[in-house]
Amino acid sequence: DNFGHNAQNALLKTLEEPPLDTSIIITVSDTKKILDTIRSRVRWHRLHPLTFFFFFSQLKGYNDAEIEKAWHISQGSVGLLVNLLQEGSDHEMVRAINTAKELLKQDAYGRLVQIDKILKQKDFNMGLLLDAMSRLLRSALHNASKKPSSSKVTATLVGQIKQVSTAQDLCDRNVHSKAILTNLFYAL
């Protein structure tokens, strides 16, 4: 689903005439981003994330709070969860989460000052940063909902999640990255 129109058309040629005894596995997070011509030629299997209880029972050497926190951020993604627990910074989502954590800690001015620095990074991926922010905010919302007197915090987090979701929609529509980040960082 990160392939552009031309790349998907190139893949379509391979799907129309695959080599004998060949299976092609394609993973996507959003089937709406896939061309109809590709969607009609593949067999779909929906994979669900593993449950918290599965991870809780399988992972040894970590305390319950660490597993729960990593599970909420990873949303059940095995590779990301393990990298979060091992604090492996080699995973691109772990790096994006670390960047998102730093940005969310800052006030609006502090975030706005960082925009040019972020955009100049050679490995910058807007979608990944927004996904990381969304994961962190949803995890924080889950934790806030456990506390009895957190209605104001909950409302703030819900608003922030909506702002990130709007930014993700703008990113999907190829709006300029600097405009997206400026609007988002000011609104957060």
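Six nonpolar, one polar and four charged residues make up the lining of the second largest pocket (nonpolar: Ala, Val, Leu, Ile, Met, Phe, Trp, Tyr, Cys and Pro; charged: Asp, Glu, Lys and Arg; polar: the others, Gly among them). This is a predicted model, in which local features need pLDDT of at least 70 and side-chain atom pairs count only at pLDDT 80 or more, while totals for chains, interfaces and linings use all residues. Residues are numbered from 1 along each chain as its sequence is written, and side-chain values use heavy atoms, with hydrogens and water left out.

**The pocket**

Select E66, K69, A70, I73, L84, L85, E87, V94, I97, N98 and K101, which line the second largest pocket. A pocket here is an open set of points on a 1 Å grid where a 1.4 Å probe fits, with protein on both sides within 12 Å along at least five of seven lines; lining residues have an atom within 4 Å of a point. The space in this pocket is about 300 Å³, the volume filled by probe spheres set on the points.

Now colour α4 (64-74), α5 (78-85) and α6 (92-105): each supplies at least two residues of this lining. Helices are DSSP runs (H or I, at least four residues), numbered from the N terminus.

**Helix α4**

Stay on α4 and show I67, A70, H72, I73 and S74, its buried residues (under 20% relative accessible area, 1.4 Å probe, protein chains only). Their cover includes α3 (52-58), α5, α6 and α8 (126-145). Just after α4, select Q75, which has a positive phi of about 55°.

**Zoom out**

The protein has ten helices and zero strands. Its C-alpha trace spans about 60 × 45 × 30 Å along the principal axes. Of its 188 residues, 30% are buried.

Notes: Buried < 20%, exposed > 50% of the residue type's maximum accessible area, 1.4 Å probe, protein only. Contact = heavy atoms within 4.5 Å.
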